[in-house]
Amino acid sequence: MKAASDSFDNSGNVGNSGNSGNSDTERVNRSTTMPVSRDARGKSPKALGKVAGSAAGAVVHSATRAAEGVRGASHNLANQASQHLTLIGRIYGVLVLFTGLVGVPYVGFAIFDSVRELLAGRLQVDALDLTFLLTCTQAVVSLVNAAALIVFGVMLLRNMRKHAAQWAYVLMGLTVAQGMLSLALQGLGIGVGLSLVQIAILVALAIALDPALIGERAVQRKLKRMDERDEYFEAKGSGMLGRDPSGKGYVELNVFNVFWLFVVGCVGGLIVEEIYHLIFFNEWQDRAGLIWGPFSPIYGFGVVVLTMCLNRLWHANAVLIFFSSAIIGGLFEAFVAWFMQIAFGIIAWNYSNDWLPLFGGKTSGKYMVFWGLAGLIWLRELLPRILKFINLIPWKWRYALTAVALVFMLIDIAVTLMALDSWYGRIAGLPQTSPVARFFGEHFGDSVMQQRFQTMSINPKWSGRA
């Protein structure tokens, strides 16, 4: 019995042993398939591999040319922007350089004159007085800042963008230190205002001076956003949302995670503290730390500090975690108490009568044990659950919601600091003639502040202000 299917003969031609009525169809099939068959027959696997390689190379080449086109366009945009930036940068560089050249001899002479008066006995000070120590620190920071301004101004004038961007970050740290010292010694005034303006300018310059440039940065932002979206869904599918992808730490320390851990710490810490006070003192007391909302920022910042310091110890021995948490928490609590006292004359807690009081009662062995237990429970039990909870925020909402909540929290903190400063000024008998002082005196008077901050006692004599 003859087969009705096509078969290859020894010559490679296609034959047919079926019905002759299909001759037309066979002729068409033969005409279309024979060239392919011959071409394929003449190609070895090695040759086919070369063809495939050439095709892949063409694809890669096309993709590379496209990427170069995007990069070239971004560089053009960046260069156009940098031309405008150069003029602005040079003008600001002249101002910065002038400020530094005036500031270094001025502050240097003031320090030299004070030391000379002190050695001559014409200036009597208590070397351990807090105001004296803060004033000395402020003078040194001001001198270093003025010297850094000279370097920064020269780099701007010489258009050394990369190094100028790095020095901008150095100046940000010095400016923050100046602002905090000014707040502690003079309260909310022109010193703090100038520091805020300087930080805003430095942030803008650091962004503009970065060698990555503007157009390229825009492309990088878009690519990063796409990568973050892919990573988000990949991590969500594998149950690793919010986790450190490197595995070295437990939580990924990005803005989203850190901010929402801060919020959870503010609210959760406040609830725990109020319940604790109710159980042990049989009294319900409002222990909030900000003007608006159920927030106690000391616990929020405490959670962030513990998380950042202990992130890589999440798999360590429980004893190591406990003692690390106790030391970190105790030092952090003492620092917060110290800052509130020197800046606003406020004592929010005093542990002098507790077991092992430290730093004048600003912390104690008892509460360091609490910090140790809290850190251990936080890292081992609460952090994994809370991390999953905050990462329930959908991808399309997380950036917008975080931005809105962050702005509100910053405003809340700023208003609280201004209200505390005005409260201090009224009790200290300082003139409350400015519009800001009158506003806070009208809307956040002494009775309102005492009702809101029920645990705080304020006395200007306790502050470190001159």
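Mentor: Let me begin with a term: a residue counts as buried under 20% relative accessible area, as exposed over 50%, and as partly exposed in between. Keep in mind that this is a predicted model.

Trainee: Okay, so is Ile-275 buried or exposed, or something in between?

Mentor: Ile-275 has a relative accessible area of 40%, so it is partly exposed, and it is found in helix H7, which covers residues 255-281.

Trainee: Which residues form a nonpolar patch with it on the surface?

Mentor: The patch is made up of Ile-271, Ile-275, Leu-278, Ile-279, Phe-280, Phe-281 and Trp-284, which together have about 770 Å² of accessible area.

Trainee: Switching to charges, how many salt bridges are there in the whole structure?

Mentor: A search of the whole structure gives 5. One of them joins Glu-273 to Arg-287, with the closest N and O atoms 2.6 Å apart. This pair links distant parts of the chain, since Glu-273 is in helix H7 and Arg-287 is in the loop between H7 and helix H8 (297-310), 14 residues apart.

Trainee: And are those two buried or exposed?

Mentor: Both Glu-273 and Arg-287 are buried.

Trainee: What about Glu-381, which residue does it form a salt bridge with?

Mentor: Glu-381 pairs with Arg-385, the closest N and O atoms being 3.4 Å apart, and both lie in helix H10 (residues 365-390), 4 residues apart, which is about one turn of the helix. Glu-381 counts as partly exposed because its relative accessibility is 41%, whereas Arg-385, at 55%, counts as exposed.

Methods:
Residues are numbered from 1 along each chain as its sequence is written. This is a predicted model: local features need pLDDT of at least 70, side-chain atom pairs count only at pLDDT 80 or more; totals for chains, interfaces and linings use all residues. Side-chain values use heavy atoms; hydrogens and water are left out. Patches are made of residues with over 30% relative accessible area and no salt bridge: like charges are joined within 9 Å, nonpolar side chains (Val, Leu, Ile, Met, Phe, Trp, Tyr) within 5 Å. Accessible areas come from the Shrake-Rupley method with a 1.4 Å probe; for residues, only the protein chains shown count as cover. A salt bridge is a side-chain nitrogen of Lys or Arg within 4 Å of a carboxyl oxygen of Asp or Glu. Helices (H or I, at least four residues) and strands (E, at least two) are DSSP runs, numbered from the N terminus. Buried means under 20% relative accessible area, exposed over 50%, partly exposed in between (1.4 Å probe, protein chains only).
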